[in-house]
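Please read them with the structure open beside you.

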Amino acid sequence: MVVQKYLKAPLLLDGLKFDLRLYVLVLSVCPLKIYLHDDGLARFATEPYRKDQIDNNFIHLTNYSINKASTNFKQSEDVESSSGSKRSLK
């Protein structure tokens, strides 16, 4: 299942929109038993956020399939890297 909420005033990192992909296993609801994987992904838009360019997908979307076509796309070569369009949360 995917859970998401759109924010009108998004949080930005380095001026870019981002999303977090966390992996959670819910074993039971009553009693609540949840496991959170110790790694996940942060995916970044490839152009700095601007409200006035609503039609520019590279600003507003973080999808890999869209952003890989951007000239600003940065492939993360190192899993531990703190740069790139897709980064490990570890």
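1. The model is predicted. Its open sheet has three strands, in the order β1-β2-β3, and the pairing is antiparallel. β1 and β3 (86-88) are the edge strands, each with a single partner strand, so one side of each has no neighbour in the sheet. From one strand to the next, the twist averages 30°.

2. Look next at how β1 and β2 are held side by side. The two strands run antiparallel and are joined by 10 bridges. A hairpin of two residues leads from β1 to β2.

3. Individual pairs can be picked out along these strands. V26 has I34 in β2 as its bridge partner. L20, in turn, stands opposite A42 in β2.

4. Which residues form the nonpolar patch on the surface? They are L20, L22, V24, V26, V29, L32, I34, L36 and L89. Together these residues have about 870 Å² of accessible area. V26 and I34, the bridge partners noted above, both belong to this patch.

5. Where does the patch sit in relation to the strands? β1 (18-29) and β2 (32-44) each supply at least two of its residues. The largest share comes from β1, which gives five residues. L22, one of the patch residues, lies in strand β1.

6. To put the points together, follow β1 on the display.

Key:
Residues are numbered from 1 along each chain as its sequence is written. This is a predicted model: local features need pLDDT of at least 70, side-chain atom pairs count only at pLDDT 80 or more; totals for chains, interfaces and linings use all residues. Side-chain values use heavy atoms; hydrogens and water are left out. Patches are made of residues with over 30% relative accessible area and no salt bridge: like charges are joined within 9 Å, nonpolar side chains (Val, Leu, Ile, Met, Phe, Trp, Tyr) within 5 Å. Accessible areas come from the Shrake-Rupley method with a 1.4 Å probe; for residues, only the protein chains shown count as cover. A salt bridge is a side-chain nitrogen of Lys or Arg within 4 Å of a carboxyl oxygen of Asp or Glu. Helices (H or I, at least four residues) and strands (E, at least two) are DSSP runs, numbered from the N terminus. Two strands pair if DSSP finds at least two bridges between them. Axes are lines fitted to C-alpha atoms, for helices over the stretch in contact, and angles run from 0 to 180 degrees between N-to-C directions.
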